[in-house]
Amino acid sequence: SSMTTSMTLFELSNNQKLQEKLRREILEVLKKHDNKITYDAVTEMKYLGQAIDETLRIWPSVQTLTRVCTKDYIFKNSDVTVDKGTPLMISVTGLHHDPEYWPDPDRWDPDRFSEENKQNRQLLTFLPFGDGPRNCIGLRFGLLQTKVALITTLTKYRVTLSPKTITPLGRDPATFALRPKNKIYLRFEKI
Ligand code: HEM
């Protein structure tokens with residue numbers, strides 16, 4: 001949750017217009033709910049959910065899923081086979097950056113997760129929490145924590161990128177859990 005919060009703030013620092021759009025939504029919804037961060041208020045913040053999903057697409061915290069093949073399998077229209085018992089690693093980062101499913105994959109664009117775009121997307125091309133009976137048990141809690149952290153921060157501060165941050169950030173290859181290669185330095189200006 002903390003990594004997803006940091007990466008969303010990084011992307012919002014690079015996109016001041018979208019940061020303003022998101023802040024406007026947060027303030028409008030909070031106003032309707034007596035300025036209280038309730039579960040109903042958080043659920044109503046659609047653009048916030050889209051922004052977090054888009055961050056999880058570009059920066060999935062768990063970069064590879066692991067499975068063991070349970071029956072012999074032949075990929076359609078190919079001679080590639082996977083034998084029963086083979087350990088498998090699935091690159092979530094690779095899938096989330098495949099231009100076949102995600103055109104211009106390095107561009108952070110929460111509109112990819114609008115209701116309309118979500119309906120047109122191919123199944124299983126977005127796997128930040130895995131899938132199946134062993135997917136992330138903390139999915140809802142993780143998303144809620146991230147949303148509350150972003151609401152609390154963005155209502156109080158305008159966030160910009162410090163010149164100390166070296167971009168592109170890159171990815172530390174030594175860990176399966178996401179860690180950017182370069183440190184993220186942000187500036188918080190009280191609103
Ligand atoms: C944004 C936050 C989070 C992300 C992106 C995330 C992502 C993931 C992913 C990709 C998996 C592997 C799923 C699979 O193999 O199909 C996983 C498993 C798991 N996660 Fe999370 N997670 C998050 C937050 C949390 C939180 C807050 C908790 C606990 C409170 C949690 C607990 C677990 C547990 C226990 C598993 C193993 C489930 C199993 O093997 O049955 N996660 N998570």
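Read along the sequence, the protein chain runs through its elements in the order α-α-α-α-β-β-β-β-α-α-α-β-β, and this pattern holds seven helices and six strands. Helices (H or I, at least four residues) and strands (E, at least two) are DSSP runs, numbered from the N terminus. The structure is a predicted model, in which local features need pLDDT of at least 70 and side-chain atom pairs count only at pLDDT 80 or more, while totals for chains, interfaces and linings use all residues. Residues are numbered from 1 along each chain as its sequence is written.

Taken along the principal axes, the C-alpha atoms of the protein chain fill a box of roughly 60 × 40 × 30 Å. Of the 191 residues in the protein chain, 20% are buried; a residue is buried if 20 or more other C-beta atoms lie within 10 Å of its own, exposed if 12 or fewer, and partly exposed in between, with the C-beta atoms placed from the backbone. Two residues are in contact if their C-beta atoms, placed from the backbone, lie within 7 Å. Among the contacts in the protein chain with a separation of 6 or more, 64% join residues 24 or more positions apart.

The largest nonpolar core has 18 residues, of which Leu22, Ile26, Met45, Leu48, Ile52 and Leu154 touch the most other members. The elements that give two or more residues to this core are helix H1 (2-14), helix H2 (16-32), H4 and H7. Such a core is a set of buried Ala, Val, Leu, Ile, Met, Phe, Trp, Tyr and Cys residues joined through C-beta atoms within 7 Å.

Helix H4 (residues 46-58) includes leucine 56. At 1.5 Å a residue, the 13 residues of H4 should span 18 Å, and its end C-alpha atoms are 19 Å apart, which agrees; the expected span of a helix is 1.5 Å times one less than its number of residues. Within H4, the residues Leu48, Gln50, Ala51, Ile52, Glu54, Thr55, Leu56 and Arg57 are buried, and what covers the buried residues of H4 includes H1, H2, helix H5 (92-96) and H7. Leaving aside its neighbours within four places in sequence, isoleucine 52 is in contact with Thr4, Thr8, Leu143, Thr146 and Lys147. Why does leucine 56 count as buried? Leucine 56 counts as buried because it has 26 C-beta neighbours inside 10 Å. With its neighbours within four places in sequence again left aside, leucine 56 is in contact with Thr4 and Pro128.

For helix H7, the 18 residues should span 26 Å at 1.5 Å a residue, and the end C-alpha atoms of H7 are 26 Å apart, which agrees. In H7, the buried residues are Leu143, Thr146, Lys147, Leu150, Ile151 and Leu154. Seen down the axis of H7, these buried residues fall within an arc of 135°, so they line one face of the helix; the arc is that of the directions from the helix axis to the C-beta atoms. On the other side of H7, Phe141 and Lys156 are exposed. The cover over the buried residues of H7 includes H1, H2, helix H3 (39-44), H4 and E5.

Helix H7 (residues 139-156) also gives three residues to the shell around the ligand, the largest share of that shell. Of the 18 residues around the ligand, Val62, Gly130, Cys136, Gly138 and Gly142 come nearest, where a residue is near a molecule or strand if its C-beta atom, placed from the backbone, lies within 6 Å of it. The residues of the shell divide into eight nonpolar, eight polar and two charged; Ala, Val, Leu, Ile, Met, Phe, Trp, Tyr, Cys and Pro count as nonpolar, Asp, Glu, Lys and Arg as charged, and the others, Gly among them, as polar.

The loops remain. Glycine 170 lies in the loop between strand E5 (157-161) and strand E6 (186-190), and glycine 170 is exposed because 11 other C-beta atoms lie within 10 Å. Glycine 170 and asparagine 182 are 12 residues apart in sequence and 6.7 Å apart in space, C-alpha to C-alpha. Proline 168 has its place in the loop between E5 and E6, and the peptide bond from threonine 167 to proline 168 is cis, with omega near -5°. Aspartate 34, in the loop between H2 and H3, has a phi near 55°, a positive value in a residue other than glycine.
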